[in-house]
Structures are given as structure tokens and as C-alpha cells.
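Please read them with the model open beside you.

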Amino acid sequence: MSDAVLDALRETNFSTFDWAIVIGYLLVSLVIGILVRHLATDMTNYIGAGRSLGSWLGIATMTGTELGLVTVMYSAQKGFKFGFAAFHIAVLAGVVTFFVGLTGFIVAPLRRLEVLTIPEFYERRFDRRTRVLGGFLLAFGGILNMGLFLKVGSMFVVGVTGLPPDGLALPIVMTVLLVLVLVYTVLGGMISVVITDYLQFVLLSLGMVLTTALAIRYVGWHEIFVTVRERMGTAGFDPLQQEGGFGPAYVTWMGILGLVGCAVWPTAVARALAMKNTTELRKQYMWSSLSFLIRFLIPYFWGICALTFIANQADLEGLFFTPAPDTETLEIRIEEGNASEMPGGSESAASQSDPPPAAAPSTEPPLQDLYAMPLFLGRILPAGLLGLISAAMIAAFMSTHDSYLLCWSSVITQDVVAPLRKEPLTAEQRIRLTRWLIVAIGIFVWAWGLFYEGSDDIWDYMAITGAIYFVGAIVVLVGGLYWKRASRRGAFAALLTGCSAILSLEPIRARLAALVAPLTQLSVDELRQAVFSSDRMNLASLLLTVIVFISVSLLFPDEPDASVVGESKGAQA
Amino acid sequence: MTSWWETIWAGLLIVALAAFTVMAILVTIGGAYDLVRMLKELRDRPR
């Protein structure tokens, strides 16, 4: 990294007072874990907080979990690159969550069955084999999914505090944060998770409202819209325009992801299953729909504000954006598949007729756009408030980590190890195993974050690794709960078919396009954008899973005396 | 010229921020009450 880049990152308002606020908050989290340790006496208390959450606390903890720092970071990146058009993802997430709250779709019958995890439902509705496979895929996809959380969260800390991003600072921040999360999660389980989630909610909601108001005041309400209009044209506002990087197929896929995020994703479902009853649960979902909207909307807006700020700072614009190339260079870049690195644009945005204005010439590669939002906050927020926001963001980071660690480790214990053992595990053995697994997953995430050299687009990485689990799970859950002819073999086959979502990974899509291109009139790039886009591939994978589930269930029905639970048979359990 | 989309997104942002502020106040107060009750309940449960 050049001196100019390092100087730009070092220039922040973060002071000793801010460090004191951050460290104070971290210590409070640690003390909570130690204090509530004696309450985690059995597995229901340890992973379900004794099923005693009231609806207000449920809303706070669900928001705390789902509004992670990684969400804030990748959402800000989306807003920075795609402008207001990204807002549609937030709207869909909010609307779908409200619908789930209103109807109790998926989550209410699951809560009535009093299962602790989704694979446990698989066993009660289908069989043990389905539970073990479901648990394995869930843990595999989920652990991979959180693989970059630690690194991205630490990038925020480095960016906002002005620590040097290319030295030892990043691994040190990663290690310290991980150790703190591990200590209080291992000790207190869901009880300490709920308490820290509540603290995070209070800090974060205050911080988000204040920061948004300050950001608008600093860059100017009108200027924000003008900058997006000038840089991205109408595609910066209209999500249905293919040129903006989205389009109808993408919007459809985001609607499905909205449902997955609130009703199928295990960390969200874990909150539903910890609620006192289904009335409280539905209330929790209806209120949380606002949090599901806000958790994307505000970070997108911060990303757009960062874009406006950087576009108007000569020293910063050159660091984040490469100069606008001439037509010939542009064609070469598209051929090389690098168009997504274009300023303010996606793959297809690069082909817009009005390319963004030229930035200051630079021989450096553009700075990772993930740094844009923390750098922006580091420059506009005053000392004190910056510490509060950083503590809130670190709280967001920790509360997501603790819930995810607890969720995947308990799934491995409850749904993979326990069902495979001949001798049943005692409560103590289960808690001990879960604690060891939390530590093991933590070490994996630390190593993965340090050594994985992946694409910059975190959202794509997360959507695809998550899809390995949820494409099969959404079909099996909905089918198992609402279709009485759903069979064990159908469920097993659907879970396996759902793994086809892994074909949406960029390198695999590129190979498929190259393989098919000679058979068509289209070029490899045209195929990648028009046919093998990740949204279309994921939709195709979901459709295939539905077809397999229905066909196999009809061809191989269960024996008439098979014990069945769920809405489809009147929820006998 | 301001497009329909610009008006929609600007309106949504203002309404969502206002609604979130109200919700945050309610959840902060209600959550504190729930939290105390939950801890008491867990403490009093037979081991």
C-alpha cells in the first residue's frame, strides 16, 4: 500500500476517549458471560434461554443477531456500488418478515412442535437419516457462511480507528475480538447472548439514528441524490433496470432471500423457537420487520453517503476509483470480467452509455470499497460519538458471532453427533461438546479469515454458501409442514439437490459459460450475464429442488403408519 | 429532474427512520422489563 493510501486511512477523528468507550463495552460483555454462567444448567437453558423470552426482548435479540457488522459492511458496499436501487432488498426483507409475523408461516408450527433446531423437526416429520443429513449441510453451509465475518468486522475496526491495514493490526484485532466472543459465549450460552444482544440493540439504535442524521447534515440531502444521478443515471434508483446490476430475476431472488433470512435461517429461527408462545412470536416478527428493513436500508444509505463524500474529495476519489477508461480499454476490461470493479457499477453498469466522470489519475489499484464507509465515518463523526458508534458496531459484530457460533455448534451436537451415538448423551456431555465445538469453529473462522483470498463482494460469497443449506431446507420445511404427502425419501433427495446451489459460485459459472458458449451464438460474457447469472442459477436450483422433492415424494411415499407431525397432519405433536 | 424512484426512496428513508426511532424507544423500555423477568425466572427454576 502506498503512503497516500495509508495517510488517507490514518486520517480519523478516533481518539483515546473513543478507545476507552470501546474497551469499556468489551469488558462489560465479558463480565456478563461470567455472571450468568451458573444459569446455563441444561441444554434448553444453554441454547434456548429456557424458552422464556418475552416479545420485546425477542425483538431486541433478533435485531441484535441479524444486524451484524458484516451486514452493515456488505450493505454499505452495495449502496456504495449500486446506489438507491439496492433499497429494494431492504423493502423485500421487511415486507416478507411482516408477512411471516402476520400469518405465522413456517415459524409458528415449528414453535408449537417445541423443537430446538430445524433438523430436529426433520426427524420428527421424516426420519433420523434426514435429520443427520440436514444437520450436516446446515453446519457445513453455515460455518462457511460465517467464514469471512471476523475478517470483515476487523476491517471496520481498522478502517474507523486509523490502524494500518497492511501490517499486523488486522490479525491482532481479529484475535482479540474472537477471544472475547468465545469467552462469554462458551460460558453463558444463549443467556449471555440475549443480554449482550439487548445492550447492542440499545447502543446500535441510538448510534444509527445519530450517525444517519450527521451524515445527511455533512454531505447534504440534495447532494446525495445528485451524486447518484450523475454517477449511475436512473439505474442508480430503479432496481428493475438490468443495467444497474439487478433486474427482475435478481429482485425475485431477493424476495426469496427475504423469506429465508427471517423464517429459514437457523439463527433467526432459534429466536422464534426461544419465544414463550406463538402469540409472542408473531408479535416479535411483525415488529422485527422494521428491524429487517432498517438493517439493510441504513447501511445502504451510509454507503451512498460515503460515495457522495468520496466523490467530492479529490484526494479520496483517486484512491477508490480508477480513472474512467476510454472505450477500447472498457471493452478489454469487460472481456476480462473485471467490470464489477468499475466505479459505481456492476458488470452491466460498465456498458452504460454515460460512464462516470474521470477521477484523478492513479497508478495504484483502487482501494477495497469495503473501507469506504468506515473511512467516511472516521472523518465525519466527532470524538466520543465515534467511540459510541464503534462500540455499537463491535457489539453488532459480537452478537452475530456469538449467535452463529452457538447455533452451528448446537446443531452439530444435537443433530449430527447425538443421533449417531448408540448411548444417549447426558445434558452435561452435550453442553461440554457444544462448548468445545464453539472454540473449534472460532479457530476455523480465524484461520479462514486470515488465509482465504476470495472475491471482494461479500454478499455474493454469503448468499452462495448459505444457499448450500437453505435451498434444500426451504423446500423440505415448507413441504414437511404444509404438504401431507411429503415423504422421507423426497426430503432426503431435496436436501441433496439443494446443494446444486454451489454451482452459482463465480468460478463454476464461468466454466459452465465457457463450456456452453461454443454451442450457441453468444459469447462467454454474454452467457454469463444473460443466462449464468447467480440469481438465475439460484432460482433454477430452487426450482429443481422443488421438482425433485415433489416427484420423489409421489413416487416413493411413506408407509401409512409413519409417524407424522406438522400442520399437514393437524400438528398432532 | 426528480424521478418517481427518487421520491419513493427518499420518502421510505424518512418514514423508516422515524418508525425505527419510535420502535427503538419501545424495545429499550420493554426489553429491560423482559430481561429482568427472564433472569428472575431462570434463577428461581429448580435445578
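1. Between chain A and chain B the count is one salt bridge, a term that here requires a side-chain nitrogen of Lys or Arg within 4 Å of a carboxyl oxygen of Asp or Glu. The side chains that meet in it are those of B:Glu6 and A:Arg229, with an N to O distance of 2.8 Å.

2. This is a predicted model, in which local features need pLDDT of at least 70 and side-chain atom pairs count only at pLDDT 80 or more, while totals for chains, interfaces and linings use all residues. Residues are numbered from 1 along each chain as its sequence is written, chains are lettered from A and ligands numbered from 1 in the order in which they are written, and side-chain values use heavy atoms, with hydrogens and water left out.

3. As for the interface as a whole, 42 residues of chain A are in contact with 32 residues of chain B, contact meaning heavy atoms within 4.5 Å. The two chains bury about 3400 Å² between them, 78% of it on carbon and sulfur atoms; buried area is the accessible area (1.4 Å probe) that two parts lose on being put together, summed over both.

4. Helices are DSSP runs (H or I, at least four residues) numbered from the N terminus, and axes are lines fitted to C-alpha atoms over the stretch in contact, with angles from 0 to 180 degrees between N-to-C directions. Residues making the contact include A:Trp56 and A:Ile59 of H4(A) and B:Gly30, B:Gly31 and B:Asp34 of H1(B).

5. Within chain A, helix H9 (residues 128-145) and helix H21 (residues 458-482) pack at about 170° with axes 7 Å apart, and are therefore roughly antiparallel to each other. Among the residues in contact are A:Phe140 and A:Gly141 of H9(A) and A:Gly466 and A:Tyr469 of H21(A).

6. Also in chain A, helix H14 (residues 266-273) and helix H15 (residues 278-311) pack at about 135°, with their axes 9 Å apart, and are therefore oblique to each other. Here A:Ala268, A:Arg271 and A:Ala272 in H14(A) meet A:Leu281, A:Gln284 and A:Tyr285 in H15(A).

Technical notes: Helices (H or I, at least four residues) and strands (E, at least two) are DSSP runs, numbered from the N terminus. Angles under 35 degrees count as roughly parallel, over 145 as roughly antiparallel, 65 to 115 as roughly perpendicular and the rest as oblique.
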